[in-house]
Amino acid sequence: MPFRSRERVATAPPATPRFLLPALVLAVLGYQINATMLSPALPDVARRLDTSSSLVGLSQTLFFLLAAVGQVTMARLSDYRGRKPIMLLCGALLILGNLACALAPDISVYLAGRVLQGVSAAMFSLSFLTLNDLLPPAAFGRAAGIISAVNGGFAGVDAIVGGRLADTVGFRAIFFGGLLLSVVGTAAVARYVPAVAPKAEGAMDWLGATLLGLGLSGVLVGLAQGAGWGWTSAATLGCVLGGLAALTAFVLVQRTRSAGGGTDPGTATGADARPAARTTTAVIDIRLLASRRAWPLLLTVTLTLAGAFGALALTIPLFTQDPQAGYGLSATRSALLYATPAAAIGVIGAPLAGYFGPRVGWRRVALVGSAGSLLAFAVAVPFREQPWALFAALAVLGLTYNGLSITALNGFAVVSAPKDQQGALTGLTGACFGIGASLGTALASGLITAASTGGATGSAAYTGAFEAALALLALAMVTALAIKAVPADAGEGARDDAERVPAVHL
């Protein structure tokens, strides 16, 4: 029996705003181009700001780090304050961040701008939550597929455009374009996205949110900088161990909060799912986190991103451009042949996942995505020296990973959480995307570096990175099988649409 919102609505469903989905697409694109278009322009940033590549790399680390922290904090805060006010806050932060980066006189202002932009990554989680609040299951699935397709940018073309802008105008043009898009997107949210009543009672657990932010920050910084600092250095160990300590404290605090009242999220249904009123509620109920609807999902997201993203973002570009070990392609040709097709196919796969998710269950779609990604890499690893085989494997990966897996895992996180904790589980899922991406790139970089310094020659220098990606995707398949389906994921027929209608304040 699905969890039901604590809001009881007796009136007919209000008409869905006509431009709701376009407004959300514009809002998430305003953030996304700062992640995809900027990558080829990083050398230009270092040159024009007269700074080191390490500081530019730090800006990327901070951007993705704050994206992970922002997903959790902002999404959970929206349970208490409503989705729309937090989306407008994220839009304002994105506008300020774009302004800071576009006008930055030095690296310090640029770093501050990237931090503000990173926090606005919560726009993705907030968009999924808003769509789920306002739409019936089938419509939510289609819309979620479109939002997921935007998660990869403009089908891979934006990275090429970003490189061209950097070569001709300079990196600031990218941020001025992002500024225009973020202003339009924020205005569209203000005009066309309805304000939905908050889902949770009580107050935000800022102590828990702080501990979670510190924990994620420590682990992510340690993973991102470990190769440069040294994996056994005091800085790396301090970040990782300090982050783990903060996460341990977070679990203890959440256990105390969860024991303070309310019902077990693994068993409560209907009106019983309403939490007991108390001053401060947990960021996420520890009983939900320990259930099979949560921890296998979070592990699957982390492992999938570690395997697929690490390979797509680092191993394969390095391999295809390596003249001794790989194909010796130029950066542009490598992107056109081995990055853009996968991204473009993902744009097709994401709406397919959105269509089938509410009908056959998001978990089943996620399993198909995991199995397909594992099969694609099982072919890519032994046949990577054959350009056509690698191209075909990455095309399949574009469908299964970029399309099916990412959309289905996001969709499952939204529909499987109790109504008063949707922001928590959705935000944690979004954070795990960042954790997995950082883990995957750090592991691939470390393995390639270790193989090269150890005397490996030719394609053998990349064997460890390819095999690690395959192993991570195999583990993701195992954890995906452990995800427990819930009635809300059993298909459209199992949902009571009347219970999904929110109180809308236009």
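**A bent helix and a network of charges**

A: Helix α17 bends by about 35 degrees at L397, where the bend at a residue is the angle between axes fitted to the seven residues ending there and the seven starting there. This is a predicted model, in which local features need pLDDT of at least 70 and side-chain atom pairs count only at pLDDT 80 or more, while totals for chains, interfaces and linings use all residues. Residues are numbered from 1 along each chain as its sequence is written, and side-chain values use heavy atoms, with hydrogens and water left out.

Helix α17 covers residues 387–416; helices here are DSSP runs (H or I, at least four residues), as strands are (E, at least two), numbered from the N terminus. Its 30 residues reach 41 Å from the first C-alpha to the last, close to the 44 Å expected at 1.5 Å a residue, the expected span being 1.5 Å times one less than the number of residues. Helix α17 is also mostly covered, since 24 of its 30 residues are buried, that is, under 20% relative accessible area, with exposed meaning over 50% and partly exposed in between (1.4 Å probe, protein chains only).

Helix α18 (residues 422–453) has 32 residues that should span 46 Å, and its end C-alpha atoms are 47 Å apart, which agrees. Just after α18, G455 takes a positive phi of about 100 degrees.

Elsewhere, the theme is charge. A search of the whole structure finds five salt bridges, each a side-chain nitrogen of Lys or Arg within 4 Å of a carboxyl oxygen of Asp or Glu. In one of them R83 pairs with D79, with the closest N and O atoms 2.7 Å apart; R83 counts as buried at 3% relative accessibility, and D79 counts as buried at 0%. R83 also meets D133 in a salt bridge, at 2.9 Å from N to O. This second pair links distant parts of the chain, with D133 in helix α6 (residues 122–134) and R83 in helix α4 (residues 83–103), 50 residues apart. Both D133 and R83 are buried, and a network of salt bridges links R76, D79, R83 and D133.

Another salt bridge joins R47 and D44, whose closest N and O atoms are 2.8 Å apart. These two residues are three apart in helix α2 (residues 42–48), so about one helical turn separates them. Here R47 counts as exposed at 56% relative accessibility, whereas D44 is buried, with a relative accessible area of 3%.
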